[in-house]
Each structure stands twice: as structure tokens, then as C-alpha cells.
Amino acid sequence: MRVIISTLLLFAFLKVGGVVPASGTASKLEKLVLPGRGDVRLSEWAKVSGFDIHWLKKDQSLQLTKDSSKLLFGVDSREAEVNGVNVWLSHPIVLVNGNPYISELDIHTALEPVLAPPKNFGGGKVKTIVIDPGHGGKDPGFQDGPQQEKKFTLLLAQELCSQLKQAGFEASLTRTTDTLIDLPVRPEIAKRRGADLFISLHWNSAPSSRNEVRGVETYCLTPAGASSFNAGGELFGSGTKPGNRFNDKNMYLAYQIQKSLLTGLAADDRGVKRARYAVLRTAEMPAILIEGGFMSHPAESKRIYDAVYRKQMARAIVNGITSYKKQVELVKKS
């Protein structure tokens, strides 16, 4: 059947379709076919996944719970909360005839990697990590008076590298001095070094409301077919990129890092987000980009310039990597 929806909801039509074969539990559920996306009824996915579901505010926000897991969603919103961490969806939750629907893409690429972490099969270990200090050389990044982003990405990278080595990892930097490295070269360096993870470090800035915008956010590569959080007319298309081979691990790594940053720094949670940044598109290993705080914010910038705070942030990143490592490495059976 067809259901006509107001253009205010940005959909010209909706059609309830049959089951479309796909992996995971979502493939067994009734599908709602929208232009450019396929959705399943959230209540049905919750049921087959063992979650209880109830409205927090009728037709506006709802909660799913199972054991210690809690998921929060808002209608007509891409912003969700997964066990206390903001995770931005590729598509908003939509309400049709009183029923909330979620995109199947978000089930597979945002929820399942966190709720059922991916594994390294064949005994693969997480050992070698390449850290990428953003900007450098003639590219200073954001400038706050005399302070330049490139300086503080390198200082954080050096501290992170030192702590990773102390924790037993093999860690190295894409640049160790104030030099400019072309963006496509950075993940290529990680590939040549046999990196198991690629971590790009940046500091954020806001063009307006500088006294208000603060917090940390962690990016992983946008799934094929979805628009990026910061798309604004995506320059690189929405097709499959080399880095999409690691969608599950990209998301899980980003989630664990964001969670650890929130715990370790008590920072504002700006969420796990998706983007097709150059250093993420071509990475041939799980890769993320961290925006560690806003140099444009008067108070947060002072923390960024403080070596003690950067040491604390590096420790939080190490803890996030360690949590990721414990989950993805298969434990050998005795």
C-alpha cells in the first residue's frame, strides 16, 4: 500500500514493501521503502533483539532497554544515545501511522557493531598503531591568536605515542616535526607500516557562538549510500570507499574512544559522527579522526594548551584503544 506524507517531513511518498534479503535480524522484518533508504519498524527490531521498548514522550522520544543496555531515539532526529554515548545515525527515525521506523543501514552500521562487537578472526592482534597529527608546515589549521592547531595536534600525538608504547603497543607518528604531509599520504604511511589502527588527531573550532560550542567528537567513515554528518554537498560521492571494508570496526573503535574520552575528561559529548575525510576514505585498516576539543572556546582552549590535560586526554585514548582491543581479539579456547 502507499502512505502519503507531508513534504514537511521531506518524503513525497512511502511504500510498505516485502522483505528484502539482507544480513542480520533486520532482514526478517517488515520493510518500509523510502527514497534512498530501507527501514524496519523499531518495535519489531527491538522484539527480535530482546529489547523492551516504550515511549518517553509519545510520538517524540523512546527508549529501548535490555539488561545493562539502553538506547534512546528521537523522532525525526539522527541523534541517538547508545549506552550513554551520543551516536549520530545516517538517517533520522521516522514516524508512520504512529510507528517509529529506523533505517536498516543504521541497524547494521551503527547499532550492531556496538551491541555485538566485531572480532579479529584468525588470531589477529591489535598491536601496531599509527598516529596522525593533523595539519603541519604551511597548513597551521585553526589559529587562536598566536596558537596554531598544528602545534597542539603534534604535542598530543607525541604524548599519545609515548603512552601507547608504555602500554605495550607499537606506535609511531605520520609526522614528528612541523612538516606538511599530503592527506592521501597519511593513511598510506600507516599501510606501509602494517598498522592495525590509524588515529588522526585534530582540534575543533566554531565560526560562531564561541562561548557556547565545546566538547569532543569522534569520526569514522560514512557508510556507502549515506550522507556524511558534515556533507553540505558531498564532494566525493556516496559510493563505497576502501575504508568501508572496516565499517564495523571503524564504528566500534570510534565508539570506544568517544566513550573513554567522556569518562576520562568529563567533556561535553558531541557524539560519534560520520564523514568522508581524506584520511578515512583510503585507510586500509580501522581508522578514526578525533576532534579533541574547541580551540575557539575560551575555557576549553586553555585546557588544550595545558600539558597535564593533554596527558589526561592521551590516557583516555589509550584506554579506549585497550577496550577495543580486548573485544575484537578472539580469546583462544583452552
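Predicted model: local features only at pLDDT ≥ 70, side-chain atom pairs only at ≥ 80, totals over all residues.
User: What makes S16 and strand S19 count as a pair, and over how many bridges do they pair?

Analyst: Strand S16 and strand S19 (residues 287–294) pair in the parallel sense over six bridges. Ile 199 stands opposite Ile 288 in S19. Strands (E, at least two residues) and helices (H or I, at least four) are DSSP runs, numbered from the N terminus.

User: Which other strand pairs with S16?

Analyst: Strand S12 pairs with S16, in the parallel sense and over five bridges. Here the bridge partner of Ile 131 is Ile 199 in S16.

User: Why is S16 called largely enclosed?

Analyst: Buried means under 20% relative accessible area, exposed over 50%, and partly exposed in between (1.4 Å probe, protein chains only). Eight of the eight residues of S16 (residues 197–204) are buried, so the strand is largely enclosed by the rest of the structure. In a regular strand the side chains alternate between the two faces of the sheet. On one side of S16 the buried residues are Leu 197, Ile 199, Leu 201 and Trp 203, and on the other they are Phe 198, Ser 200, His 202 and Asn 204.

User: What is the size of the largest nonpolar core, and which residues have the most contacts inside it?

Analyst: The largest such core has 64 residues, and Phe 73 and Ile 131 have the most contacts inside it. Apart from this core lies another, of 13 residues, among them Val 130, Phe 198, Met 285 and Leu 289. A nonpolar core is a set of buried Ala, Val, Leu, Ile, Met, Phe, Trp, Tyr and Cys residues joined through side-chain atoms within 4.5 Å. With neighbours within four places in sequence left aside, Ile 131 is in contact (heavy atoms within 4.5 Å) with residues including Leu 160, Leu 173, Ile 199 and Leu 201.

User: How do you know that Asp 132 and Arg 186 meet in a salt bridge?

Analyst: A salt bridge is a side-chain nitrogen of Lys or Arg within 4 Å of a carboxyl oxygen of Asp or Glu. The N to O distance for Asp 132 and Arg 186 is 2.8 Å, so the pair meets the rule. The two residues lie 54 apart, Asp 132 in strand S12 (residues 128–133) and Arg 186 in helix H4 (residues 185–192). Both are buried. By this rule the count comes to seven salt bridges.

User: With which residue does Glu 217 meet in a salt bridge at 2.9 Å?

Analyst: That partner is Arg 270. The pair links strand S17 (residues 216–221) with strand S18 (residues 269–275). Glu 217 also forms a salt bridge with Lys 273, at 2.8 Å between the closest N and O atoms.

User: Why is Glu 217 called buried, and what is Arg 270 called?

Analyst: Glu 217 has a relative accessible area of 4%, which is under 20%, so it is buried. Arg 270, at 26%, counts as partly exposed.

User: Why is Gln 258 called buried, and what does its side chain reach?

Analyst: Gln 258 has a relative accessible area of 0%, so it is buried. This residue lies in helix H5 (residues 247–265). Its side chain reaches the backbone oxygen of Val 216 at 3.0 Å.

Conventions: Residues numbered from 1 in each chain as written. Heavy atoms only, no water. Pairing = 2+ DSSP bridges. Polar contact = N/O pair within 3.5 Å; in protein donor to acceptor, adjacent residues only side chain to side chain.
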